[in-house]
Amino acid sequence: MSVRHALLALLSEGPKYGFQLRQEFEEGTGDVWPLNVGQVYSTLQRLEHSGHIESDDTADDGPQKVFRLTEEGKSELHRWLSTPTDMASPPRDELVIKVLSALRVPGIDVYEVIQLHRRYLVELMQQWTHLKDDEADFDLAFALVVDAELSRLDSVIRWLDQAEGRLKRAELEPTGPSTAPRLRRRLVARR
Amino acid sequence: MSFLELRNISKSYGAGSTLVHALLDVSLSVDRGILVAVMGPSGSGKSTLLTIAGSLEEPTTGEVLIDGKSLASMSHNDKARLRRRTIGYVFQDFNLLSGLTALENVSLPLELDDMSARKARTLAMAALESIGIAERAGHFPDELSGGERQRVAIARAVVGERHLLLADEPSGALDSANGEAVMKMIRGACKQGVAAVVVTHDAHLASWADRVLFLKDGRIVDQTVPPPSAESLLAPTRTS
């Protein structure tokens, strides 16, 4: 998560105090990602150092210091927003590694490993979904964060469903040559 | 006491080498006010479970009780009355009668149960109002959007004194906003005291439930534990 760019986005609305930035960041993400004061001020210091923001030189460091976006900061913010977030390389996903490992470990039922995670993920989705029940105090930013979480968890469940289906089909089919070298070549070629 | 109870239900089709077990020793109980989701892939027995719970099909072995009464002890007519008065069904493809308006579709089960047309339509209109679609009451199904048709189907499923709602992939053909609206309506019905069972392969839908059961090859293999407060997901600790 880029706290740096989220702070630049808040400053694009106008000059703000440090404590105000922290408060607005948390409110804007539905209080899902709390920030501590130290993290806010060290990020602001780095942004100031790199020339993306500037502050009132006369005030001391602390809650009364006002920060504003520079032209450089504005172009950095626009560059960030118009550049796709890097999702090109498959992440080293612990769950995927766990399922692949379960296939090799004697005495471990890979389907049990899959179901354990499926249940856990559905339980997490239930918790998020039940927040939607009382939409009266549901602000837009929070609704977007909840939707993002639900979609992320759902996509993992879909992968587990696919993995289970694929493993079952593989049990019924004769073993063919491994596709690993081909997959590796393709992934390397894409980079 | 549970409003719906399935005790050790098994269902087989065919015989000998063509014998297929659709359900094996499934037990399930649902109280009024509770939404249970049954999740499983295609062919896991979800729809069979729902048709048996709704008395549309007989189990091979086991017992179904609705409001404490065993379906096995009921006559054909008693079961038909139970389906008209107590059980509401919602299907993925809505199953509305195309020659009837939205209002007539909702009032039909009440009129079939010998209620006066006037009273049935008053109750039907109240059901359409409760889900925010009263202004479409005079329209025919083909004049309604998918989301509106499913809302009418839900109104039909909960109209009158229905206490059990059974839904088979109720938002399967809808976009996510309409799907969410459908699940909110089902939860709304539960808050009014309806016991509901939704079968689905979709985790988004299942996550609206109080309890999720996982069905695999005709057996319930797992279930969620009641979720802790959702507050635990939010802003765990602040270090300042």
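**View 1. B:Phe94 is buried, with 21 other C-beta atoms within 10 Å.** Buried here denotes 20 or more other C-beta atoms within 10 Å of the residue's own, exposed 12 or fewer, and partly exposed anything in between, with C-beta atoms placed from the backbone. The model is predicted, so local features need pLDDT of at least 70 and side-chain atom pairs count only at pLDDT 80 or more, whereas totals for chains, interfaces and linings use all residues. Residues are numbered from 1 along each chain as its sequence is written, and chains are lettered from A and ligands numbered from 1 in the order in which they are written. Although not a glycine, B:Phe94 has a positive phi of about 70 degrees. This residue belongs to the loop between β6 (87-91) and α3 (102-112) of chain B; helices (H or I, at least four residues) and strands (E, at least two) are DSSP runs numbered from the N terminus.

**View 2. B:Asp114 is exposed, with 8 other C-beta atoms within 10 Å.** The loop between α3 and α4 (117-130) of chain B holds B:Asp114. Its phi is positive, about 70 degrees, although B:Asp114 is not a glycine.

**View 3. Strand β6(B) is largely enclosed by the rest of the structure, because four of its five residues are buried.** Five bridges join β6(B) to β7 (residues 164-168) of chain B, and the two strands run parallel; strands pair if DSSP finds at least two bridges between them. B:Ile87 has B:Leu164 in β7(B) as its bridge partner.

**View 4. Chain A contains eight helices and three strands.** Along the sequence, their pattern is α-β-α-α-β-β-α-α-α-α-α. Of the 191 residues of chain A, 17% count as buried.
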